[in-house]
Amino acid sequence: MKKILAIGDSLVQGYGVAAHENWVSLLSAYLGPDFKLVNRGLNGDLSSHVVDRLALSLEEEAFYGVLILCGANDLMGSLSVDQVLLSYQACQDLGEAAGTRTLFLLPPKPSFLSEEPFAHMQAYVSLSRKLEDLYGRVPWPHLNLDPLFGGVDSLFIDGIHPSPEGHGLIAQAVFKYGKKETYW
């Protein structure tokens, strides 16, 4: 059985949806019994903390692959795209040192139409601008999730976190990317 680690923030953990509706669980179903997905998403996590948790995870056990989705919390706060890219580089280096493949999932831009927004509008505007910058600067294997969402409000529960339908789109896209790029 091949183990795949999904690590990151609330977008990995599945904030606001049932565990079986989260993209990691859905991807596990797509991959079948030859794969075991381990979800180490943590609500509110910053990319630098993901680096630390990834290092511990890779010391504790071997993984066939690592899926990393983080950075939105950093960028919604005062951290820069450069700081997120440094964390991404550290994750890439850890994966290479462990002999595992890494795939970065780039968070979608928020929806501005949500009736119950997770944050203030100014935070959404700032996050959107920073994510646009991030999308063009990631040199490692990655899947940009933004085209899947396209700002469609029904794909979010609060403008930031995916709805069950949004999680389904992520799972499908990651599965298709992995097949195309021979991750599985």
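In this predicted model, Asn 22 caps the N-terminal end of helix H2, with a side-chain oxygen 2.4 Å from the backbone nitrogen of Val 24. Helix H2 spans residues 23-31, and its buried residues are Trp 23, Val 24, Leu 27 and Leu 31. Viewed down the axis of H2, these buried residues fall within an arc of 95 degrees, so they line one face of the helix. An α-helix has 3.6 residues a turn, so residues three or four places apart point the same way. After H2 comes Gly 32, which has a positive phi, near 80 degrees.

**Aromatic rings**

Searching the whole structure gives 8 aromatic pairs. In one of them, the ring centres of Phe 35 and Trp 184 are 6.4 Å apart and the planes are at 85 degrees, so this pair is edge-to-face. Phe 35 belongs to strand S2 and Trp 184 to the segment after H8, so the pair ties together parts that are 149 residues apart in sequence. Both partners are under the 20% cut-off for burial: Phe 35 is buried at a relative accessible area of 12%, and Trp 184 is buried at 18%. Ring pairs also join Phe 35 and Trp 184 with Tyr 64, Tyr 177 and Tyr 183 in a cluster.

Tyr 183, a member of that cluster, has Arg 101 over its face, at 3.7 Å from the ring centre. Another ring with a charge over it is that of Phe 63, where the charged end of Lys 3 sits 5.4 Å from the centre.

Ser 111 is found in the loop between S4 and helix H6 (121-135). Its relative accessibility is 1%, and Ser 111 therefore counts as buried. Beyond its neighbours within four places in sequence, Ser 111 is in contact with Tyr 124, Gly 151, Val 152, Asp 153, Phe 156 and Gly 159. Val 152 is 41 residues from Ser 111 along the chain, yet their C-alpha atoms are separated by 6.5 Å. With Asp 153, the side chain of Ser 111 makes a polar contact of 3.2 Å.

His 161 is placed in the loop between helix H7 (146-149) and H8. This histidine, His 161, also counts as buried, at 3% relative accessibility. The side chain of His 161 is joined to that of Ser 10 by a polar contact of 2.9 Å.

| Residue | Partner | Distance |
|---|---|---|
| Ser 111 | Asp 153 | 3.2 Å |
| His 161 | Ser 10 | 2.9 Å |

**Cysteines**

The structure holds 0 disulfides. Cys 70 is in no disulfide, and the nearest cysteine sulfur, that of Cys 91, is 5.7 Å away. For Cys 91 the closest cysteine sulfur is in Cys 70, at 5.7 Å, which is too far for a bond. The cut-off for a disulfide is a pair of cysteine sulfur atoms within 2.5 Å. Cys 70 is buried, with a relative accessible area of 1%, and Cys 91 is buried with a relative accessible area of 1%.

Definitions and conventions: Residues are numbered from 1 along each chain as its sequence is written. This is a predicted model: local features need pLDDT of at least 70, side-chain atom pairs count only at pLDDT 80 or more; totals for chains, interfaces and linings use all residues. Side-chain values use heavy atoms; hydrogens and water are left out. Buried means under 20% relative accessible area, exposed over 50%, partly exposed in between (1.4 Å probe, protein chains only). Helices (H or I, at least four residues) and strands (E, at least two) are DSSP runs, numbered from the N terminus. The arc is that of the directions from the helix axis to the C-beta atoms. A polar contact is a pair of N or O atoms within 3.5 Å; within protein, one must be able to donate a hydrogen and the other to accept it, and residues adjacent in sequence count only if both atoms are side-chain atoms. Rings of Phe, Tyr and Trp (its six-membered ring) pair if their centres lie within 6.5 Å; planes under 30 degrees apart count as stacked, over 60 as edge-to-face and the rest as tilted. A charge sits over a ring if NZ of Lys or CZ of Arg is within 6 Å of the ring centre and within 35 degrees of the ring normal. Contact means heavy atoms within 4.5 Å.
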